[in-house]
Amino acid sequence: MSQAQPLKFVSLLGSLRAGSFNAVVARNLGLLAPEGVEVNALGSVRDIPHYDEDLQAQGFPEAVLEMGKAIAAADGVIIVTPEYNYSVPGALKNALDWLSRLPDTPVAGKPVAIVTASPGAIGGARAQYHLRQILVFLDGRVLNKPEIMVGQAPSRLDPETGSITDADTRSLITAQLSALAEMAIRQG
């Protein structure tokens, strides 16, 4: 990357469990990012209350405002999430619902990459499909390729050490971050 300023990406983790496979991926994004790209984690979806229009009428929760500001200031977003019941976790959907209601929706026009990891063979593909549908409403610009669906996660990720043990998975994540960077530069 020949950027004068580094690109700043934020990551949104859809898992609540500290030792989740997806948390391992999210914690390694900064280490796998190409030169000229910084990745910072957003606040936890755990800190966002259930969406309620009555609550919104009293004012947006601070956690939502902070997340929205960070996304608005970023050059791109990386969503890392497990698949729950063939879809996205409720806590992630809830966070996206809140973000969609902020004035000047922060995800609108923003380059977005999606990563899923699962013990199953297809690595969260159905969650990615639903997340892409949700992001249409938020007007996010989803990166199409390379897609990352880490299947058979226990053979590729180690929650105990926090490492991605599979070289191909590390390379693919770096390639995706590079593609997201190129997309952000083109849009910038």
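How many of the seven residues of strand β1 (residues 7–13) are buried? In this predicted model, local features were taken at pLDDT of at least 70 and side-chain atom pairs only at pLDDT 80 or more, whereas totals for chains, interfaces and linings use all residues. Residues are numbered from 1 along each chain as its sequence is written, and side-chain values rest on heavy atoms, with hydrogens and water left out.

Strand β1 is mostly covered, with five of its seven residues buried, where buried denotes under 20% relative accessible area, exposed over 50%, and partly exposed the range in between (1.4 Å probe, protein chains only). Strands (E, at least two residues) and helices (H or I, at least four residues) are DSSP runs numbered from the N terminus, and two strands are taken to pair if DSSP finds at least two bridges between them. On this basis, β1 runs parallel to strand β2 (residues 37–41) and is joined to β2 by five bridges, with S11 standing opposite A41 in β2. From β1 the chain passes through helix α1 (residues 21–32) to β2 in a right-handed β-α-β crossover, that is, one in which the path from the first strand over the helix to the second runs clockwise when the strands point away from the viewer. Strand β1 also pairs in the parallel sense with strand β3 (residues 76–81), again over five bridges, and L13 has V80 of β3 as its bridge partner.

The connecting helix α1 comprises 12 residues and spans 16 Å from its first C-alpha to its last, close to the 16 Å expected at 1.5 Å a residue, the expected span being 1.5 Å times one less than the number of residues. Nine of the 12 residues of α1 are buried, among them F21, V24, L29 and L32.

The largest pocket has a volume of about 280 Å³; a pocket is an open set of points on a 1 Å grid over the protein atoms alone, where a 1.4 Å probe fits, with protein on both sides within 12 Å along at least five of seven lines, and lining residues have an atom within 4 Å of a point. The volume is the space filled by probe spheres set on the points, which are joined across faces, edges and corners. Of the 18 lining residues, L13, A26, R27, A41 and L42 are the closest to the centre of the pocket. Two or more lining residues come from each of β1, α1 and β2, and α1 gives the largest share, four residues.
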